[in-house]
Amino acid sequence: MTNNKTLILSAQAVSLLFSPFYMATIIFAILMMFSYLNLMSVADRLTGLVLVYLLTVILPRLCIFLYRKVNGWTRHQMGRRERRFVPYIISILCYGLMLYLMERLKMPRFMMGVIVCALSLQIVCALTNIWLKVSTHAAASGACIGLLMAFSLLLHFDPTLWLCALTLLNGLVCSARLILRQHTIVDVWAGTVIGVICGFLSITLI
């Protein structure tokens, strides 16, 4: 009994820590540390990260929280497939606003590709949700794999070590969603495939 409880708590921690909401902020932070963007002033980098965090984490989560409270649903109850459309729309609008601001600010194209990835991910998952409760957690972790492969081609580096780490992370996230019985194996596989494709194409085609 104790082992089951520990397993569930661990799965909940993994799901919270690797929430799809944090994907864009984490990737931007990595790019600002390990690409030529580290030549920017600390103030400019922090301003950019705060803007991304506000529009891709705080704003959508706040709107979704208010939507859930208005309807009197628990977080688990809102996870039902037919109730996920409004949260998807909220996220799509927030990422669309972020992309618009980045275009206005003339941000580097490959940085905009990260937001294009997140936006396309939300749109594809929302459409897929009509038939299948696709896992956005799996999609987000899959997108990181796709983004890494695309950036390795763009920036000419060997991604093998990081690719192995992200693949293990994807497996961990998918396992957590299965343990919590939020998704089926088909849901997490579909999410991973969608994520990898959206991540790779968003950088290579933009």
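Reader: Where is the place of Trp189 in this chain?

Author: In this predicted model, Trp189 has its place in helix H9, an element that covers residues 185-204.

Reader: Why is Trp189 called exposed?

Author: The word exposed is used for a relative accessible area over 50%, and because Trp189 has a relative accessible area of 57%, it counts as exposed.

Reader: Which residues make the nonpolar surface patch, and which helix gives the most to it?

Author: The patch, with an area of about 710 Å², is made by Leu178, Ile185, Trp189, Val193, Ile197, Leu201 and Leu205. Helix H9 gives the most to this patch, contributing 5 residues, and Trp189 is one of the residues that make the patch.

Reader: How many helices and how many strands does the chain have?

Author: The chain has 9 helices and 0 strands, so that, read from the N terminus on, its elements run α-α-α-α-α-α-α-α-α.

Reader: How do you know whether the radius of gyration of the chain agrees with that of a compact globule?

Author: For 206 residues, a compact globule would have a radius of gyration near 17 Å, and because the chain has 17 Å, the two values agree. The C-alpha trace spans about 50 × 40 × 30 Å along its principal axes.

Reader: What share of the residues of the chain counts as buried?

Author: Buried means under 20% relative accessible area, and 45% of the 206 residues count as buried. As for the accessible surface of the chain, it comes to about 11,400 Å², and 73% of this belongs to carbon and sulfur atoms.

Key. Residues are numbered from 1 along each chain as its sequence is written. This is a predicted model: local features need pLDDT of at least 70, side-chain atom pairs count only at pLDDT 80 or more; totals for chains, interfaces and linings use all residues. Side-chain values use heavy atoms; hydrogens and water are left out. Patches are made of residues with over 30% relative accessible area and no salt bridge: like charges are joined within 9 Å, nonpolar side chains (Val, Leu, Ile, Met, Phe, Trp, Tyr) within 5 Å. Accessible areas come from the Shrake-Rupley method with a 1.4 Å probe; for residues, only the protein chains shown count as cover. A salt bridge is a side-chain nitrogen of Lys or Arg within 4 Å of a carboxyl oxygen of Asp or Glu. Helices (H or I, at least four residues) and strands (E, at least two) are DSSP runs, numbered from the N terminus. Buried means under 20% relative accessible area, exposed over 50%, partly exposed in between (1.4 Å probe, protein chains only). The radius of gyration is taken over C-alpha atoms; the globule rule is 2.2 Å times the number of residues to the power 0.38.
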